[in-house]
Amino acid sequence: IGTKYGISAPVLMKYLGHLPKKEDMMNLSYETALEIYKDKYWHDQDMEKFCNQSVATIIYDGCVNQGVGAMKDILRKVLNNSVMSFIILLYSNKLSV
């Protein structure tokens, strides 16, 4: 049944609570699509808890475009690499705390 406003059938199915028909996708309003984005990708991921709007927007965009699970994996890798880099710098005496 395709997509509309970037909303895929699986996402619409979760929102509607049933398997969407072609008509459901065709009749999806822009306002409903925005509601889905706000609920699934902003509120469900607690984006309002970020102190920095720019960081929240980047993570939100990643959740929408890569999927929530993929974005969590990306963030986990970035944070792990950052912590490891910090530890390596600390132990190599290039950084003093």
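Colleague: Is C51 buried or exposed?

Modeller: C51 is exposed, with a relative accessible area of 86%, where exposed means over 50%, buried means under 20%, and partly exposed lies in between, using a 1.4 Å probe and protein chains only. Please keep in mind that this is a predicted model, in which local features need pLDDT of at least 70 and side-chain atom pairs count only at pLDDT 80 or more, while totals for chains, interfaces and linings use all residues. Residues are numbered from 1 along each chain as its sequence is written, and side-chain values use heavy atoms, with hydrogens and water left out.

Colleague: And what about C63, buried or exposed?

Modeller: C63 is buried, at a relative accessible area of 4%.

Colleague: How many disulfides are there, then?

Modeller: A search of the whole structure finds zero, counting as a disulfide any pair of cysteine sulfur atoms within 2.5 Å.

Colleague: What does C63 touch?

Modeller: Leaving aside residues up to four places away in sequence, C63 touches Y41, Q45, M47, V68 and M71, where contact means heavy atoms within 4.5 Å. C63 is also among the residues with the most contacts inside the largest nonpolar core, which has 16 residues; such a core is a set of buried Ala, Val, Leu, Ile, Met, Phe, Trp, Tyr and Cys residues joined through side-chain atoms within 4.5 Å.

Colleague: Which helix gives the most to that core?

Modeller: Helix α3 does, with five residues, where helices are DSSP runs of H or I with at least four residues, strands are runs of E with at least two, and both are numbered from the N terminus.

Colleague: Which residues of α3 are buried, and where do they sit?

Modeller: The buried ones are A33, I36, Y37, Y41 and W42. Seen down the axis of α3, they fall within an arc of 165 degrees, taken from the directions from the helix axis to the C-beta atoms, so they line one face of the helix.

Colleague: What about D39?

Modeller: D39 is found in helix α3 as well, but it counts as partly exposed, at 34% relative accessibility.

Colleague: Changing topic, which element has the lowest mean pLDDT?

Modeller: That is α5, with a mean of 81, whereas helix α2 (residues 22-26) has the highest, 97; pLDDT is the predictor's confidence in each residue, from 0 to 100. The chain averages 88, and 90% of the residues score at least 70. Where pLDDT is low, the predicted coordinates should not be read in detail.
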